[in-house]
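Subject: Structure handover

Dear colleague,

Here is the structure for your files.

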Amino acid sequence: MNYTLNMKIKKILIFGAGVIGSVYAGKLALAGHRVSVLARNKRLTELQNNGLLLSENGKKVVKTNVAIISELKIDDIYDYIFVTLRKDQLKDALPLLGQNQSKNFVFMVNTAEGYSDWIGKIGFERVIPAFPGAGGKVENGIVYYSLTSRFVQPTTFGEIDGKASSRINELVEILQNAGFPTAISKKMDSWQKSHVAMVCPLAYGIYFDGGNNYTFAKNKKAIIQMNKALKETFSFLKDSGIGVEPSKLNLIRLAPLFILNFVIPLVFKTKWAETVISNHALAARAEMEMLFNDFILLAKGKEYNLTELKTLQTT
């Protein structure tokens, strides 16, 4: 790891020990930081018995030096707490997080609702919206993962108000030294709504097919319907004034349907699509249903009817 020796070692808590939490915990620990992971249930037992085990892109399994905890106390102070829960897991955790006195909470959580709930429980000054750039699966206690490229989806974060801050610059340094491609967004709310506009059709395309990324890639009906939904969700963001972030995602909105129908099967046939898209969609159905409904409500509030997206909701 290219850890900068003169950089101050940080005390970091990863709140959530699924794929994303495990990847960030392990790589930050390998970069020299003091990392603790809060885990529950089966995952807690796995980590206590075997430690945090990572395999990047199918390479040799690496055991990382992290502390495993099962509860967060009010006076357990960390430089950064990374919240790596699914949307459907967050509601119950927010009161506990709000009681803790740490100053910086990095929320790596999907949302189309904005940040009012997070601010209400944690406080405006303590919340840092973010999103991970990794995907994978946990199998026999080992986390098999891949990082997404800087072009596709780097680890992205920013202040709620879009202003520059010293802690955002510090996070860039911390994460880059740990091996994560990173990006700062001045419009994180638009960025996260744009992400939901993309992942809902992708996940529901797989559900519509009834299989996985490989079977979906052969299902012309599912491909066409998913691409219609993708163009619709991004058109809604553009037309409503919410905006599309990053702007390169406007290519989905502007590309002719026949081009998307040609490109998408090529993408979904890959191991990358299995690791980053399909695994999460199939493992996190409850979260995707919540995000789907939240996005439909967002559009309804803007008097926009997402008919093509709703058509995917047939299973």
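What follows is a summary of what was found, from the overall fold down to single residues.

Please keep in mind that this is a predicted model.

Overall

The protein has 13 helices and 12 strands. Its radius of gyration is 19 Å, close to the 20 Å that the globule rule gives for 315 residues, so the protein is as compact as a globular protein of that length. The C-alpha trace spans about 50 × 40 × 35 Å along the principal axes. Of the 315 residues, 56% are buried. Among contacts with a separation of 6 or more, 71% are between residues 24 or more positions apart. The accessible surface comes to about 14400 Å², and carbon and sulfur atoms account for 53% of that surface.

E9 pairs with strand E10 (residues 142-147) in the antiparallel sense, over 6 bridges. Within that pairing, Lys137 has Tyr144 of E10 as its bridge partner.

The loop between E9 and E10 contains Asn140. Phi of Asn140 is near 55°, a positive value in a residue other than glycine. Asn140 is exposed, because its relative accessible area is 73%, above the 50% cut-off.

Arg167

Arg167 sits in helix H5 (residues 166-177). Is Arg167 buried or exposed? Its relative accessible area is 13%, which is under the 20% limit, so Arg167 counts as buried. The side chains of Arg167 and Asn104 are joined by a polar contact of 2.8 Å. The Arg167 side chain also reaches the backbone oxygen of Val127, at 3.5 Å. Leaving out residues up to four places away in sequence, Arg167 touches Tyr80, Lys103, Asn104, Glu125, Arg126, Val127, Ile128 and Glu159.

The loop between H8 and H9

Val244 lies in the loop between helix H8 (220-240) and helix H9 (250-254). Val244 is buried, with a relative accessible area of 7%. Which residues does Val244 touch, not counting those up to four places away in sequence? They are Ser194, Phe234, Leu237, Lys238, Leu249 and Asn250. Val244 and Trp191 are 53 residues apart along the chain, yet their C-alpha atoms are separated by 6.8 Å.

Pro246 is in the loop between H8 and H9 as well. A cis peptide bond joins Glu245 to Pro246, with omega about -10°.

Glu303

Glu303 is in the loop between helix H12 (285-301) and helix H13 (307-311). Its phi is near 60°, a positive value in a residue other than glycine. Glu303 is exposed, with a relative accessible area of 77%.

Regards

Key: Residues numbered from 1 in each chain as written. Predicted model: local features only at pLDDT ≥ 70, side-chain atom pairs only at ≥ 80, totals over all residues. Heavy atoms only, no water. Pairing = 2+ DSSP bridges. Helix = DSSP H or I, 4+ residues; strand = E, 2+ residues; numbered from the N terminus. Rg over C-alpha atoms; globule rule 2.2 N^0.38 Å. Buried < 20%, exposed > 50% of the residue type's maximum accessible area, 1.4 Å probe, protein only. Contact = heavy atoms within 4.5 Å. Areas by Shrake-Rupley, 256 points an atom, 1.4 Å probe, with all protein chains shown as cover. Polar contact = N/O pair within 3.5 Å; in protein donor to acceptor, adjacent residues only side chain to side chain.
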